[in-house]
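Please look at the structure below and follow how its parts are put together. The paragraphs after it take the contacts in turn.

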Amino acid sequence: MLELRLVQAASLKNVLEALSVLDLSSEVNFEFSGTGFELQAMDTSGAALVALLLRADAFNHYLCDRDLSMGLNLADMANVFRCANNDDILTIKVDGCPDTVMFVFESPKVGEISYFDLHFVDINRMPCEIPEIPESEYQAIVRMPSAKFMRICKKLSSVGDREDRDTVASISVDKERVDFFTSGKAGTSTIFCTVGKPKEPTLIEEPTLIEMKEKVSLSFDLRYVNSFSKMCTQSDQQVTISLSPELPVLFEYKITEMGRIRYYVAPRIKLQNEVDGMQN
Amino acid sequence: MLELRLVQAASLKNVLEALSVLDLSSEVNFEFSGTGFELQAMDTSGAALVALLLRADAFNHYLCDRDLSMGLNLADMANVFRCANNDDILTIKVDGCPDTVMFVFESPKVGEISYFDLHFVDINRMPCEIPEIPESEYQAIVRMPSAKFMRICKKLSSVGDREDRDTVASISVDKERVDFFTSGKAGTSTIFCTVGKPKEPTLIEEPTLIEMKEKVSLSFDLRYVNSFSKMCTQSDQQVTISLSPELPVLFEYKITEMGRIRYYVAPRIKLQNEVDGMQN
Amino acid sequence: MLELRLVQAASLKNVLEALSVLDLSSEVNFEFSGTGFELQAMDTSGAALVALLLRADAFNHYLCDRDLSMGLNLADMANVFRCANNDDILTIKVDGCPDTVMFVFESPKVGEISYFDLHFVDINRMPCEIPEIPESEYQAIVRMPSAKFMRICKKLSSVGDREDRDTVASISVDKERVDFFTSGKAGTSTIFCTVGKPKEPTLIEEPTLIEMKEKVSLSFDLRYVNSFSKMCTQSDQQVTISLSPELPVLFEYKITEMGRIRYYVAPRIKLQNEVDGMQN
């Protein structure tokens, strides 16, 4: 039996709204356990992975007496939450009925209770095979406001060919500066972000912070990061970018007092003929 | 001869804007008489009917010396009104010219007068055959803010298959509660609206009121109600839903001090094989 | 060598945004000289011409040591400027590299510098052949707020067939009134704009001013003017319409303290059979 209760539906509504900007497979697995629940889903192209974690203590009531894997259509779920008022009291329940989850939104202020029964998606049809991603040590970690990161991605896209799914972007992290770069049909785009100087803390709005063991420079497909940069769960959100030469780039958003969303993007290895092409 | 004058074009502009969310036949008949004018139009599918009534006293000047039936293209008319300023002085005239109506919008403040001559639509080409709908006694009447009704329709739609034109919704009215229900591909959606209790009048925002002779439960195609629920002529608008077992469901909006918009939807009779299907 | 500097990128950003509503050939020639720069581009249909002029003194720093013709893709350039903050410091540079222009946007407040290198468009591929348009004396000059002009164009379009690329509009200027007229499938639209009377200067908002040697009446394709009327570089913008029987109609917007945008539309000569058709 599963029973979750949130006195403000808004927080979960915002998380689902944020996920909906990503180009995810529509059918995803929610994994419930005693400590909270996780959702892992591949980008439709298979080169990026999103991992959502919400902790049990993020809920006002959380009861899960055995591990439960629940296939759901993410778009249907987002549709249901889109109708909710921010201050609805939300209950999520899996009980007698073996293949249905019930979402109950109570709005006592307007005298309204709404019940949504969503069918499970048959587990055999799930497009699974999601790789295990171990916790890792990274060579460099960059932290900046997500609004700043979104603006930078927009600048990178502005010279890229929007039709070209192969536009590559790169991030280079040094002690005092993060550089973003891309090259497209129209030309090139380079953005330097300098860290806030310790002695002039008030001079920089939207500061960039860098923790670094050694310089790292990684390339990846711009289009993955582009959609991720548009995610927003709250207004003062920060994004953390973790980089190591051998690993997928990790973009992470904390969800205040609830959990986090991680987004892993496979690094792009330059093929020899691409390198040759660039030298010509 | 016909001559109407409104010192604030806004009120008629809002009515036309409201009608434009409905999927009506584009060519409609306006019926002018000494007491006001009416417009009746079928939904393009033929299963819903809208009936607008504006009273003569809604106008600052109203002269109609003989009954006049005027076929007009509703979309063209809405285009013309969309250009008007809210405080334009509007004159509608049919005079010498037998197949044209003139709309004059005067904006003395900006030194501008605009004349629009719209051709009548040939009456022989009108897709008429609109059924007479008699005034009826209803078994149950529900009244709620139209914003609340729109939200409920959105909730019903959220589990329906948007592509499926056959999604059925139902309303059940009891003494203290109205229930809305639909079932779609993704699952089911049920909304309970409780009436404001007489002893706690201030506790419920957006109260639902019920007048009832006996319990009624009716089904109809969700898509008709869905578009109607988006209509809005003013911010504090109320919708009245009237139901009787043998009759079309009637949704009605009052237009303050001008008239009303009625929307009739044919009830859906469950076929025996549908009932059988539901029992399996 | 070319080097321009603007301490507020917003002003050039607004000009590019304004041009983007026009249906221009995407590849255009910028002509830089010691006194400023010009851009001339044909409408894709070849019947309208836009001519932008920005004076050297509009820039905080302007260095151009020899005349320079620079083919650029206007859409790419607009994409780049769309990412800029309004108070970015902008530098435009053509230096060592012979076929690239560099746009640098500095945002010291957020610790960010962005470099965009845009490739020149090969001059041989330019769809040029832009006619010389001499400065002319006009028979009548009309001046009105651009918001008013946009509203009038919307009124003209409301009866025109949007699909019909041949809808003709006409302007007639008399001493105290400008009339706009069009005729479409749905009917006709006529707008009278009276000039502000000298004795009642405060009574007319959005005044229309007329300077006239003799009455002029000209026709042209509505669709050209329609897109131009949506241009907006600043909120209190005025449009000046200059008319003479033998000349293209000239629509001009001043860009405060920077220069101007001119838009020339070929007059439409009524063919004899059109005139005949109107008389029937």
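Predicted model: local features only at pLDDT ≥ 70, side-chain atom pairs only at ≥ 80, totals over all residues.

Residues are numbered from 1 along each chain as its sequence is written, chains are lettered from A and ligands numbered from 1 in the order in which they are written, and side-chain values use heavy atoms, with hydrogens and water left out.

Within chain A there are two domains, domain 1 covering 2-119 and domain 2 covering 136-265, with bounds that come from an automatic or database domain assignment. Taken over C-alpha atoms, the centres of domain 1 of chain A and domain 2 of chain A are separated by 28 Å. To their contact, where contact means heavy atoms within 4.5 Å, domain 1 of chain A gives 19 residues and domain 2 of chain A gives 18 residues.

The size of an interface is often given as the accessible area lost when the parts come together. Here the buried area, which is the accessible area (1.4 Å probe) that two parts lose on being put together, summed over both, is about 1,700 Å² between domain 1 of chain A and domain 2 of chain A, with 63% of it on carbon and sulfur atoms.

On the side of domain 1 of chain A that touches domain 2 of chain A, the elements that give two or more residues are α1 (10-19) and β4 (48-55) of chain A, and β4(A) supplies the largest share, eight residues. Such elements are DSSP runs numbered from the N terminus, with helices (H or I) of at least four residues and strands (E) of at least two. By class, this side of domain 1 of chain A has 14 nonpolar, three polar and two charged residues, where Ala, Val, Leu, Ile, Met, Phe, Trp, Tyr, Cys and Pro count as nonpolar, Asp, Glu, Lys and Arg as charged, and the others, Gly among them, as polar.

Turning to the contact between chains B and A, 23 residues of chain B touch 18 residues of chain A, and the two chains bury about 1,800 Å² between them, 46% of it on carbon and sulfur atoms. Three salt bridges are found across the interface of chain B and chain A; in a salt bridge between Glu112(A) and Lys155(B), the closest N and O atoms are 3.1 Å apart. Nine residue pairs, with both residues at pLDDT 80 or more, are in polar contact between chain B and chain A. On the side of chain B that touches chain A, α3 (146-159) and β13 (187-194) of chain B each supply at least two residues, and β13(B) gives the largest share, eight residues. The residues of this side of chain B divide into eight nonpolar, seven polar and eight charged.

Strand pairing also links these chains, two strands being paired if DSSP finds at least two bridges between them. Strand β9 (residues 112-119) of chain A runs antiparallel to β13(B), and seven bridges join the two, with Thr190(B) as the bridge partner of Tyr115(A).

Chain C also meets chain A, with 18 residues of chain C in contact with 23 residues of chain A. Three salt bridges are counted between chain C and chain A, and the side chains of Glu112(C) and Lys148(A) meet in a salt bridge at 3.6 Å, N to O. Between strand β13 (residues 187-194) of chain A and β9(C), which run antiparallel, there are seven bridges, and Thr190(A) has Tyr115(C) as its bridge partner in β9(C).

Technical notes:
Salt bridge = Lys/Arg side-chain N within 4 Å of Asp/Glu carboxyl O. Polar contact = N/O pair within 3.5 Å; in protein donor to acceptor, adjacent residues only side chain to side chain.
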